[in-house]
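Here's a quick tour of how this chain is put together. Have the viewer open and follow along.

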Amino acid sequence: MLLKVVVYSYPINIYRSRKMEAAVKENIHLMWLSGMNRPDHNTLNRFRGDRLKEVLKDIFVQVVHLLAEQGLVSLKELYVDGTKIEANANRYTFVWGNAIKTNKEKIKKQLDELWQYAQQIAKDEMDLPEPPPFDKVDAGAVKETIENISNALNNKNASGKIKQKLNYAKKNWPAALDKYQKQEELLNGRNSFSKTDPDATFMRMKEDHMKNGQLKPGYNLQISTNNQYIVDYSLHQTTADTTTLQSHLNEHQHCFGINPEKIIADAGYGSEENYQYMETNDIEAFVKYNYFDKNQSGNDLKKFPFRVDHLHYNKENDCYYCPMGQKMTNIGDATKITSTGFKQTITRYQAQNCEGCPLRGACYDAKGNRTIEANHNLIRLKNKATTNLTSEEGMAYRKKRCHDVEPVFANIKNNHGFRRFMLKGKEKVATESGLLAIAHNLRKKAA
């Protein structure tokens, strides 16, 4: 009964539990669905936030299977996109990862200054312990160091300012470092979180009524669509779409037991890691990469004729040729690791003699001979994506993408006024995302 009430409330734009409570008493449809029961808002909110979080995804998958059986959706061709939706959190209760690092560095610097001062005052004392390692600052080490400094300065003619700073350090620094440690655990690799919803990350929203680019706490909602139906959804705490695709597709495989055959997405997903993942899992990628549109128009070549991807590469000799025809030889490989842990192999090439070249200023303005870097695996994957995207099938998918997945977000946000989550915490917000997806599919099916 509660499931019927909650699921039906979302398609008719009732998102708050108190409004659901009122609607159960006034709306004839909800009165019939509830069997004239009148659950209060606390019951509805607990059911939505706690009881549904383990089972709602299974309910959503059942709805998708019903749509697939009727031939309304296909699980083989998916259009992927994401949007940022504001969290139910205070916009000004932010905690920034960079601020924590800065504050810890300040404590580290001041602690070192206190230690150096203590050594000067107690230089004749032979039992002064060795200075602590300041590379890692934690509450226990700082507390012990402060005690050592205090003992060294005891009964010494120390400066009043130093004694005042030492007393302040005793009272505040250990507690502050404990707080910073807990905050870093909550960040878990993110750059920010909100105090009123620690799972929310501060993101730049397109729906900014102040028009000042203000960061707001929110979540990154990713969806896969087919025929404007939502086939799958996933919730993320990262701001960039690039790092969400792999886990989003893993979620699809977990729910339906199969991988999609084709993925169509915009340039926000065109990374080496994503291309490699789709190739490994036999998923045909119709996914743009940065500069794809510029490369197709030819404007990019006119503006940046000396860029690495516009230089000629000889695969047999493994060398590049500069704009003047000079050979650039392989001088070794390097490995780079991305923020997600993905390893990239970068090959470096260097020209033999750039001195006196008439194109030196336009081609390369640093000292010495020009050195370039090339990621051959990424170049191969981009060429493969270009072949897919420029084929007749690829052009058809590109035209369809903008009116398959993007109108879904427009419908949820603009037509039905959902611009801010009602619940707090990632698990509960994921449940609410599922309710939004079910509501959209039911509305479209009934339309």
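Two strands count as paired if DSSP finds at least two bridges between them; strands (E, at least two residues) and helices (H or I, at least four) are DSSP runs, numbered from the N terminus. By that rule, strand β10 (residues 319–321) and strand β11 (residues 327–337) are joined by 3 bridges and run antiparallel. This is a predicted model, with local features needing pLDDT of at least 70 and side-chain atom pairs counting only at pLDDT 80 or more, while totals for chains, interfaces and linings use all residues. Residues are numbered from 1 along each chain as its sequence is written, and side-chain values use heavy atoms, with hydrogens and water left out.

**The open sheet**

- β10 and β11 belong to an open sheet of 5 strands, ordered β9-β10-β11-β12-β13 with antiparallel pairing.
- The edges are β9 (312–314) and β13, each with a single partner strand, so one side of each has no neighbour in the sheet.
- On average, neighbouring strands here are turned by 35° against each other, direction ignored; axes are lines fitted to C-alpha atoms, for helices over the stretch in contact, and angles run from 0 to 180 degrees between N-to-C directions.
- Strand β12 (residues 343–351) pairs with β13 in the antiparallel sense over 4 bridges, and Gln 350 has Thr 371 in β13 as its bridge partner.
- Strand β13 (residues 371–374) has Ile 372 and Ala 374 on a covered face, with Thr 371 and Glu 373 on the uncovered one.

**Parallel strands around β7**

- Strand β7 (residues 262–265) is covered on both faces: Lys 262 and Ile 264 on one side, Ile 263 and Ala 265 on the other, all buried (buried means under 20% relative accessible area, exposed over 50%, partly exposed in between, with a 1.4 Å probe and protein chains only).
- Strand β1 (residues 77–86) runs parallel to β7 and is joined to it by 3 bridges, with Ile 264 of β7 as the bridge partner of Tyr 79.
- β7 also pairs in the parallel sense with strand β8 (residues 284–287), over 4 bridges, where Ile 264 stands opposite Phe 286.

**Helix packing**

- Helix α5 (residues 56–69) packs on helix α9 (residues 245–256) at an angle of about 75°, with axes 10 Å apart.
- That makes α5 and α9 roughly perpendicular (65 to 115 degrees; under 35 is roughly parallel, over 145 roughly antiparallel, the rest oblique).
- Lys 57, Val 61, Val 64 and His 65 of α5 meet Glu 251, Cys 255 and Phe 256 of α9, where contact means heavy atoms within 4.5 Å.
- Helix α4 (residues 41–51) buries His 41, Leu 44, Phe 47, Arg 48 and Gly 49, and these pack against α1 (2–9), α2 (17–26) and α17.
- Arg 46 is also in α4, but at 49% relative accessibility Arg 46 counts as partly exposed.

**Nonpolar cores**

- Tyr 10 and Met 278 touch the most other members of the largest nonpolar core, which has 67 residues (a core is a set of buried Ala, Val, Leu, Ile, Met, Phe, Trp, Tyr and Cys residues joined through side-chain atoms within 4.5 Å).
- Helix α17 (residues 426–446) gives the most to this core, with 6 residues.
- Leaving aside neighbours within four places in sequence, Tyr 10 has contacts including Arg 48, Phe 418, Leu 435 and Arg 443.
- A second, separate core of 22 residues includes Trp 115, Ala 139, Val 142 and Ala 176.
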